[in-house]
Amino acid sequence: MKRNPREANQIDAHVGSRVRLRRQLLKMSQEKLGDELGVTFQQVQKYERGANRIGASRLFSLSKVLDVPVNFFFDGLAGVDAAGVAEGGQSPVVYDFIQSADGVALAEAFSRIKTPKVRRRVLELVRSLADEDEAKNGKS
């Protein structure tokens, strides 16, 4: 089945999730972001879900309003083919994680840790807890 080239795809969803992440890290509402861009908060919601594509000029405006370089929106994008479909048809784990409130809160807290040794210890702790959880639930 051929995809409509104008239809939103996994790349649009990834870019939208990065918009959402940055907006939330700045503690900015969808309404405030919409006002800054000259669109409704409903349009911002559609961008963040990846339901609507973000054009080049709008992406440039978003980078200015959210105070990040344009390439920020594409960071972490891998395993996606030219049609914008994730390999294996699955959305990336990072995308799913960033869409959650816990993911945003963890990313925000972790980004405030500046000492590399402390960051590594947090990562080791999370890996250890994940291993324990998998063992407890019979997964390995």
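**Questions on a predicted model**

Reply: At 31% relative accessibility, Val-70 falls between the cut-offs of 20% and 50%, so Val-70 counts as partly exposed. The model that gives this value is a predicted one.

Me: Which residues make the nonpolar surface patch together with Val-70?

Reply: The patch has an area of about 260 Å². Besides Val-70, the residues that make this patch are Phe-60 and Phe-74.

Me: Is Ser-63 buried or exposed?

Reply: Ser-63 lies in helix 4. Leaving aside neighbours within four places in sequence, Ser-63 is in contact with Val-68, Pro-69, Val-70 and Phe-73. The relative accessible area of Ser-63 is 4%, and buried means under 20%, so Ser-63 is buried.

Me: How many helices and how many strands does the chain have?

Reply: From the N terminus on, the elements run α-α-α-α-α-α-α. The chain accordingly has 7 helices and 0 strands.

Me: What percentage of the residues of the chain count as buried?

Reply: The accessible surface of the chain comes to about 9500 Å², with 53% of that surface belonging to carbon and sulfur atoms. The chain has 140 residues. Of these residues, the share that counts as buried is 28%.

Me: What span does helix 1 reach from its first C-alpha to its last?

Reply: Helix 1 comprises residues 10–25, which gives 16 residues. At 1.5 Å a residue, the expected span is 22 Å. The span in the model is close to this expectation, at 22 Å.

Me: Why is helix 1 described as largely enclosed by the rest of the structure?

Reply: The buried residues of helix 1 include Asp-12, His-14, Val-19 and Leu-21. Several arginines of helix 1 are buried as well, among them Arg-20 and Arg-22. Helix 1 is largely enclosed because the number of its 16 residues that are buried is 12.

Me: Which backbone nitrogen does a side-chain oxygen of Asn-9 reach at the start of helix 1?

Reply: The side-chain oxygen of Asn-9 comes to within 2.8 Å of a backbone nitrogen at the start of helix 1. That nitrogen belongs to Ile-11.

Me: How many residues apart are Asp-75 and Arg-18, which form a salt bridge?

Reply: The closest N and O atoms of Asp-75 and Arg-18 are 3.8 Å apart. The pair links distant parts of the chain, with Asp-75 in the loop between helix 4 and helix 5 and Arg-18 in helix 1. Asp-75 counts as partly exposed at 37% relative accessibility, whereas Arg-18 is buried at 14%. Asp-75 and Arg-18 are 57 residues apart.

Me: Which residue forms a salt bridge with Glu-48?

Reply: The closest N and O atoms of this salt bridge are 2.5 Å apart. Glu-48 lies in helix 3 and its partner in helix 1, so the pair ties together parts that are 25 residues apart in sequence. The partner of Glu-48 is Arg-23.

Me: Which residue meets Lys-27 in a salt bridge?

Reply: The N to O distance in this salt bridge is 2.6 Å. The partner lies in helix 6 and Lys-27 in the loop between helix 1 and helix 2, so the pair ties together parts that are 81 residues apart in sequence. Lys-27 counts as exposed, at 65% relative accessibility. The partner of Lys-27 is Glu-108.

Methods:
Residues are numbered from 1 along each chain as its sequence is written. This is a predicted model: local features need pLDDT of at least 70, side-chain atom pairs count only at pLDDT 80 or more; totals for chains, interfaces and linings use all residues. Side-chain values use heavy atoms; hydrogens and water are left out. Helices (H or I, at least four residues) and strands (E, at least two) are DSSP runs, numbered from the N terminus. The expected span of a helix is 1.5 Å times one less than its number of residues. Buried means under 20% relative accessible area, exposed over 50%, partly exposed in between (1.4 Å probe, protein chains only). A polar contact is a pair of N or O atoms within 3.5 Å; within protein, one must be able to donate a hydrogen and the other to accept it, and residues adjacent in sequence count only if both atoms are side-chain atoms. Patches are made of residues with over 30% relative accessible area and no salt bridge: like charges are joined within 9 Å, nonpolar side chains (Val, Leu, Ile, Met, Phe, Trp, Tyr) within 5 Å. Accessible areas come from the Shrake-Rupley method with a 1.4 Å probe; for residues, only the protein chains shown count as cover. A salt bridge is a side-chain nitrogen of Lys or Arg within 4 Å of a carboxyl oxygen of Asp or Glu. Contact means heavy atoms within 4.5 Å.
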